[in-house]
Amino acid sequence: MQIIENYINGQLVAPRAGNYLDNVEPATGQVYSQIPNSCQQDLEFAVTAAQQAQYSWANTSLEKRAAILCRLADLIDANAEDLARAEAIDNGKPIAFARKVDIYRSSANIRFFAHAGTQFSSESHAMENIAINYTLRDPIGIVGCISPWNFPLYLFTWKIAPALATGNVVIAKPSEVTPMTAYLFSKLCIEAGLPAGVLNILHGSGASIGGPITTHPKIKAISFTGGSATGAHITQATAGMFKKLSLELGGKNPTLVFADCDFEETVKEVVRAAFSNQGQICLCGSRIYIERPIYEQFKQAFVELVEKLKIGDPLDEQTQHGALVSEAHMNKVLSYIELAKQEGGTILTGGKRHQLDGRCANGFFVEPTVIEGLTNQCRTNQEEIFGPVCSIMPFDDEQQALELANGTQYGLASSVWTNDLKRAHRVAKQIEAGIVWINCWLLRDLRTPFGGVKSSGVGREGGLEAMRFFTEPKNVCIKY
Ligand code: NAD
């Protein structure tokens with residue numbers, strides 16, 4: 001049984017109070033490691049270490065910071081196979097997907113922000129013949145980064161990389177459901193020569209260590225990715241403390257398929273958008289609206305392709321659809337499928353837990369599920385399920401498509417499938433979402449703003465947005 005450790009002040013250490021949580025492999029249902037359930041004492045130790053490292057890291061040259069971060073990125077690449085395997089075991093995602101998406105992006109995140117740090121500049125504003133203003137952008141100090149389980153190392157690095165590149169010291173908490181790759185990453189930090197205390201990784205539950213990180217008076221900014229309910233809780237818990245908050249929250253993303261789309265390509269990509277990572281991506285398109293003239297034809301082709309997805313052991317290279325992350329999450333997803341039936345939905349394919357043989361006989365597998373016949377207002381179409389469940393519905397015109405797409409509390413991402421250029425622009429402008437993909441899905445340029453509107457979050461990550469979030473602007477005005 002592997003015992004995971006915290007990473008504080010440059011060292012791997014046990015939790016001070018000696019409390020641990022079980023870590024379960026989703027594909028087998030078996031406990032396979034133990035993780036620290038850190039508490040306030042561990043946090044104080046980490047905050048002290050971060051404080052001691054703060055001045056020196058903020059004053060380390062940009063080149064040197066970038067070199068250390070690039071070394072970390074190289075080490076991720078050098079250990080990619082082990083990390084992909086660890087992610088597949090810990091999360092239940094197919095290993096081929098973990099390699100191509102999760103681990104590839106983890107080193108890309110770090111390299112991207114290492115370089116961004118050396119390119120980042122601030123503004124100046126001249127006032128005719130009166131004065132000149134220039135903006136200083138200093139690191140905030142100690143910042144907290146809290147990440148979810150669906151892309152464990154990918155989203156963890158997406159937060160800590162810009163924080164470190166801009167000269168902050170970090171207290172980070174990965175999800176307690178998928179701690180393994182953050183633990184392996186802490187060993188790589190030691191190997192890369194990241195100075196002690198610059199990054200501290202505390203493992204444990206939201207209640208035990210997540211909450212204390214968000215409310216600690218010395219932690220001045222919180223970058224959080226997770227559910228909207230947790231985001232609301234953090235907002236309330238930190239009210240009156242005047243912290244900088246970046247909240248990347250849930251989604252219930254619409255996919256709009258117009259009759260003039262490239263049919264085969266669209267079917268293929270809409271399946272990918274709905275079911276990648278077992279539907280456990282905040283960006284997955286789970287509400288699929290299809291223009292009526294092609295509805296029946298699209299439905300048939302879509303279901304046919306969904307039924308071809310190979311469900312299997314995440315460690316099998318051929319697997320396209322792995323396990324859900326936990327038993328509790330599987331039960332939540334299955335309960336939504338039952339709800340969909342009560343709400344009048346018809347299950348076109350899937351709808352059940354999937355039984356595998358051998359090593360995975362007790363795994364948390366759910367069949368990719370397609371539902372039709374639901375109203376837009378029902379709970380199945382309004383609440384985030386975050387699993388391999390999508391709902392398909394017809395629409396008659398562009399206006400109706402927009403009303404359906406915008407008819408939820410969420411506003412993270414969307415995709416639009418059409419060959420009509422003018423319509424693509426019109427719809428993109430009117431969709432209430434932080435991200436609109438036209439004839440593609442999850443095509444990511446790390447320089448672009450990333451985040452949502454409405455209940456999907458506050459603030460943006462990515463490129464300059466992240467660099468600005470992790471720095472404090474100060475205007476200096478000099479009179480001529
Ligand atoms: P979650 O909100 O349960 O947990 C996220 C993280 O917050 C975990 O590390 C957890 O331990 C911690 N946490 C829980 N309670 C806390 C508290 N009171 N204070 C501080 N930290 C606390 O979310 P999850 O189940 O891990 O992830 C799934 C959710 O994340 C989905 O809603 C999904 O849409 C969302 N998500 C959003 C994005 C995005 O970029 N917008 C990306 C991925 C996932």
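**Arginine 137.** I started with a polar contact: the side chain of arginine 137 meets the side chain of threonine 471 at 3.0 Å. The term covers a pair of N or O atoms within 3.5 Å; within protein, one must be able to donate a hydrogen and the other to accept it, and residues adjacent in sequence count only if both atoms are side-chain atoms.

Housekeeping before I go on: this is a predicted model, with local features needing pLDDT of at least 70 and side-chain atom pairs counting only at pLDDT 80 or more, while totals for chains, interfaces and linings use all residues. Residues are numbered from 1 along each chain as its sequence is written, and side-chain values use heavy atoms, with hydrogens and water left out.

Back to arginine 137, which sits in strand β7 (residues 131–139). Strands here are DSSP runs of E, at least two residues, and helices are runs of H or I, at least four, numbered from the N terminus. Setting aside neighbours within four places in sequence, I get contacts from arginine 137 to Phe120, Ser122, Glu123, Arg468, Thr471, Glu472 and Pro473, contact being heavy atoms within 4.5 Å. I also checked threonine 266, 129 residues away along the chain: its C-alpha is 44 Å from that of arginine 137.

**Domains.** The assignment gives domain 1 as 2–249 + 456–479 and domain 2 as 253–446; such bounds come from an automatic or database domain assignment. Their C-alpha centres are 30 Å apart. Domain 1 puts 34 residues into the contact and domain 2 puts in 31.

How much area is buried between domain 1 and domain 2? I read about 2,500 Å², with carbon and sulfur atoms giving 59%. That is accessible area (1.4 Å probe) lost by the two parts on being put together, summed over both. Ala27, Trp149 and Ser456 supply 22% of what domain 1 buries against domain 2, more than any other three residues.

Next, polar links: 11 residue pairs are in polar contact between the domains, both partners at pLDDT 80 or more. On the domain 1 side, β4 (20–25), α3 (80–91) and α4 (95–119) each supply at least two residues, and α4 gives the most, with 8. That side divides into 16 nonpolar, 12 polar and 6 charged residues.

**Salt bridges.** The rule wants a side-chain nitrogen of Lys or Arg within 4 Å of a carboxyl oxygen of Asp or Glu. I find 22 in the structure, and 2 across the interface of domain 1 and domain 2. Glutamate 317 pairs with arginine 99, closest N and O atoms 2.7 Å apart. Aspartate 77 and arginine 111 form another salt bridge, at 2.8 Å, N to O. Here aspartate 77 is in helix α2 (residues 62–78) and arginine 111 in helix α4, 34 residues apart.

Notes
Ala, Val, Leu, Ile, Met, Phe, Trp, Tyr, Cys and Pro count as nonpolar, Asp, Glu, Lys and Arg as charged, and the others, Gly among them, as polar.
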